[in-house]
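Hi,

Here is the structure I promised to pass on.

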Amino acid sequence: MKNSTLFSIIHTICDSKEVKGKKHQPFLDRLISNGHVLHFLLSQLYSKKENFDTIFSEMLELIIDSYIERHPSLLKRDQEKEQKGTWFLSNDLVGMSLYVDRFAGNLSEMPKKLDYLQNLGVNLLHLMPIFESPEGASDGGYAVSNYRVVDKRFGTIEDLKSLQQSLQEKNMYLMIDIVLNHTSNQHEWAQKARQGDVYYQDFYYTYNDRTIPDQMEKTMPEVFPESSPGSFSYDEKMNKWVMSVFHNYQWDLNFTNPQVLKAMLDTILFYANLGVDVLRIDAPAFIWKQMGTTCQNLPEAHIILQFIKIAVEIATPGMAILGEAIVAPKQIMEYFGKGFFTNHECDLAYNATQMALQWDALATADTRNMLANQSVILQKPLGSTWINYTRCHDDIGLGFEDYYIEQVGYNPYLHREYLKNYLGGRLITSPSSGDLFGVNPKTNDARISGTLASLCGLEKAIQKESAKDIQESIDKILLMQANSILLGGIPMLFYGDEFGYTNDYSYLEDAGKSYDNRWMHRPIIDWKKTLKIKQKGSVEYQVFKGLQNLIQIRKSNTVFADNNNVEWLESHNRSIVGFKRTWERKQVFCLFNYSPEPQELTYYVFNSVRPYTQELYNLCDASNIKIGKDKEHLSFKPYQFYILLVEM
Ligand code: GLC
């Protein structure tokens, strides 16, 4: 499309909606300078559609309308964020994911809990899915039946708005999900499709018989092989097969139909105008399907995400996008955007590789696999950032590359078997009490469920009434948290982990949950238990205080902002891993001993700072450490870590 034609379309729509004049200039600048990018992206998906020009104009209209609807307070917040530079790279951000009902009861109770979160240092709140979803067949809310109505279990949209207000007043941030890949089979579109409405059948991938499903399933990995094998389900009412990659009640949306993208973009911009600061795009790797492929990470999936990102940058620029792509390390990287689209796809991605590698190191007392993988992880572009975490609501996948496991000298198959046995509760000598999730007998794949505390051994230690083991598990919890809080990116805690919740097995008595053992690590918070965080010496006190201290250290040192300033240190002891972060005249060495034994590390690792100082300041306990000679050693207790600051 010629620029003159494009500009005339934009001006015609804007003029008709009174979007003109100085007040709207920044928006018009964004729209005009990015209009051709939107057009280019959309044409790559739909240029063959007869009504492509109409589709493009409708998308533009949607973007312009969303800008018009944006509340003045959000426009102001957009500007403030812009002035901060890339606001989400800040060391001041610390997040927590939580289920509203299991954490606070409902949305109207949430504002009362903000002081508690602020006291810990959390200022970014990720609410697990809160939009309408059928009870029982909800996948924890990831099967949405209405994207605009808050589920009555949690409250109302007004409650959500008032929570957002409270957050904004406290200078906190809100994150929610858009479940982009699929809807519930109870969604209005699915219901109409089931009643035979062809227009809505085209919102999904529906087939009269098994011919295409059989062919596609040959190359599509199964996501939930135990509870929902295969990738297609038969719907009796419709008398058709429908694609359902996750559970059979989660129907995959057909993004080859532009009406689907339009409807989802509309919802995304609606969420932006609710004041959402970070939008978590659920399962983006799956949004485009093609026969003969795994139907994951396809180029068109990236085009859709880039289109969404550019639309958001134009209409509601304060909202950052997090892509929940839990895929192979090299592929995760692609979600930050490549080439022209670098930093214009997802602003944030889960550092799922690092998370799994920390569990690998904890189970093996060997950090070399973690170190080897950093050559991939460090390729993240400057300007985007990671969500770093130890646990979330999902299982732990051991999705790192075989190549590095081999490089370290292990057999990938046996190595993974060991990790599954150690963490998944199959090894009697292991302190961990987790369980295997998604066991696929055809491929022998499995992932791991369990809370941070249980996987770190607290559950078994309490059962054994062993003070030594309890202490060791607390040390492990804090080591895992420290490693992820001090890395480049936003730490995202999972509720309950802040004071050591162990597995909750009550899900087994609930028919809507018992088929999914991820519920064992999604606790119902007993607020009486949280009082224990004030009882000196209690487990809860030690975990909470330790975490609070780590967060405080991160927040008070700009060296922890994500300026792509992480440099991993050469390994001198396979149980100790470390990185150095440098910013302005400060350098911090973060060193972690993943071994149950005391360890020693040569002072040689501090050679780069010797010309400036002979002393390191330990931020963990405000003590000074003198740098010894190369042949001398810094001593580590089991699972100890150091955060050593040098001012140059
Ligand atoms: C994401 C969610 C997970 C859910 C799946 C399907 O991976 O994190 O909990 O089961 O998407 O929506």
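**Around the ligand**

A polar side-chain atom of R518 sits 3.2 Å from an oxygen atom of the ligand. Taken alone, the ligand exposes 310 Å², and the protein buries 95% of that (accessible areas are from the Shrake-Rupley method with a 1.4 Å probe; for residues, only the protein chains shown count as cover).

Before you read on: this is a predicted model, where local features need pLDDT of at least 70, side-chain atom pairs count only at pLDDT 80 or more, and totals for chains, interfaces and linings use all residues. Residues are numbered from 1 along each chain as its sequence is written, and side-chain values use heavy atoms, with hydrogens and water left out.

**D235**

D235 belongs to strand β8, residues 232-235 (strands are DSSP runs of E, at least two residues, numbered from the N terminus). D235 is buried, at 6% relative accessible area (buried means under 20%, with a 1.4 Å probe and protein chains only). Its side chain makes a polar contact with the side chain of R194 at 3.0 Å (a pair of N or O atoms within 3.5 Å; within protein, one must be able to donate a hydrogen and the other to accept it, and residues adjacent in sequence count only if both atoms are side-chain atoms). A polar side-chain atom of D235 also lies 2.9 Å from the backbone nitrogen of M238.

Cheers

Terms used: Helices (H or I, at least four residues) and strands (E, at least two) are DSSP runs, numbered from the N terminus. Buried means under 20% relative accessible area, exposed over 50%, partly exposed in between (1.4 Å probe, protein chains only).
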